[in-house]
Amino acid sequence: MSFAKITKILSVSAVSALMSTAAFAQETTLRFAGVFPIDHQGTITMQQVADEVAAADVGLTIELFPANQLGSGEALFEDVARGNIDLAAAFIYADTDPRLEFLSMPFLVSGWDDMNTIMRDMGSEYNTILQEITDEYGVRVMAQNPEGFVGVVATKEPTNWNTFDDKSMNIRVWSSTIVKSMMEMIGFKATTMAWGDIFPAIQSGIVDGAICCTKTATYTIFAQSDVGTHFVEYNAISELTSFYASQRTLDKLTDEQVEVLQAAMTKASDDFFAYNRENDDAYAQRLLDSGYTILSLNEEDQAAMASKVREEIWPMMADSVGQDIIDRLKGAMN
């Protein structure tokens, strides 16, 4: 066989292999897991990502699994790290790595502008720290979605709700020793409980409430189901869900596919933040209209609580998070 003929055969084979690879890429379906209820704006935002990726026509299809269908937020991070799930929209808990406790750092942000510059800017020190940690697990954070401040959803008005005295109330906290310590310092009894257990625990009286949700989520999840009567605004911690991806999955995609996915998530994040910022007061009114009572600290009490928490709780974080991370975060605030 002549050299020219061998070269021709090899060239045809190479082209065929490239076409085969391209065809494979065009058939890629990614599983996108979320924790929001079906009708929550967060799930609508996930659908927006799927629609925009499909419209780009780069060979990617995203299949949605909202409402904890593939597991609670506590479990999703490790499944994404292993590549069992491709994408997630969820809070990143510290179960996997105690350094991730910094995501629950109370009174780090004081309003929507801080959420935008500190939590949403992917080049901020906050997100640089987060990506340094998640890189170790093969997880890439694509966008950040602060939804507003979480409050305490309760089945009755807490005693001494606006002081540091005993509240005569047991509430659920997520798996964060920092949040548990903060709520106990404020005067609550605190029980650590997974997100998926909150609803039945409140309904059965195991706990009297939970620190868990923004006004938007409280209305969507609790008020519309006639669960709970009070929402206490402490404005200590922002509800934050992250769009994050398995690096194993991203490594299998083309550069164009990754760019399209990133662009879709960035736009969805922008839209989600704008929606929540614009509708925070509207959902407060919906809560009131549904029969809820909203309890809000006055400016003096809010400042006193922020000062006390920063003074007593922030130093406690050094053991789990590391003093270097605390110093970097404090430096970024100045």
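Student: Tyr234 first. Buried or exposed?

Tutor: Tyr234 is buried, at 3% relative accessible area. The cut-offs are under 20% for buried, over 50% for exposed, and partly exposed in between, with a 1.4 Å probe and protein chains only. Before we go on: this is a predicted model, where local features need pLDDT of at least 70, side-chain atom pairs count only at pLDDT 80 or more, and totals for chains, interfaces and linings use all residues. Numbering starts from 1 along each chain as its sequence is written, and side-chain values use heavy atoms, with hydrogens and water left out.

Student: Good. How many aromatic pairs are there?

Tutor: The count is 12 aromatic pairs. Phe188 and Tyr234 make an edge-to-face pair, with 6.3 Å between centres and 80 degrees between planes. Phe188 is in the loop between helix H6 (177-186) and strand S7 (189-192), and Tyr234 is in the loop between strand S9 (230-233) and strand S10 (238-246), so the pair ties together parts 46 residues apart in sequence.

Student: What are the rules behind those labels?

Tutor: Rings of Phe, Tyr and Trp (its six-membered ring) pair if their centres lie within 6.5 Å; planes under 30 degrees apart are stacked, over 60 edge-to-face, and the rest tilted. Helices (H or I, at least four residues) and strands (E, at least two) are DSSP runs, numbered from the N terminus.

Student: And Phe188, buried or exposed?

Tutor: Phe188 is buried, at 4% relative accessible area.

Student: Which residues form a ring cluster?

Tutor: Phe77, Tyr137 and Tyr244 are linked into a cluster by ring pairs.

Student: Which charges sit over rings?

Tutor: Arg31 has its charged end over the ring of Phe65, 5.7 Å from the centre. Lys308 lies over the face of Phe164, 5.3 Å from the ring centre. The test is NZ of Lys or CZ of Arg within 6 Å of the ring centre and within 35 degrees of the ring normal.

Student: Switching to packing. How many residues are in the largest nonpolar core?

Tutor: That core has 89 residues, and Phe102, Met183, Ile211 and Phe222 have the most contacts inside it. H6 gives the most to this core, with six residues. Another core lies apart from it, with 24 residues, including Leu87 and Val260. A core here means buried Ala, Val, Leu, Ile, Met, Phe, Trp, Tyr and Cys residues joined through side-chain atoms within 4.5 Å.

Student: What does Phe102 touch?

Tutor: Leaving out residues up to four places away in sequence, the contacts of Phe102 include Tyr126, Ile133, Met317 and Leu329. Contact means heavy atoms within 4.5 Å.

Student: How much of the chain is buried?

Tutor: 53% of its 334 residues count as buried.

Student: Now H3. Which of its residues are buried?

Tutor: Gly73, Glu74, Leu76, Phe77, Asp79, Val80 and Ala81. Helix H3 covers residues 73-82, and seven of its 10 residues are buried. After H3 comes Gly83, with a positive phi near 90 degrees.

Student: Glu74 is on that list. What does Glu74 touch?

Tutor: Among its contacts are Tyr93, Asp95, Arg172 and Trp195, not counting residues up to four places away in sequence. Glu74 has a relative accessible area of 15%.

Student: Last one. Where is Asp226?

Tutor: Asp226 is in the loop between H8 and S9. Its phi is positive, about 60 degrees, although it is not a glycine. Asp226 is exposed, at 71% relative accessible area.
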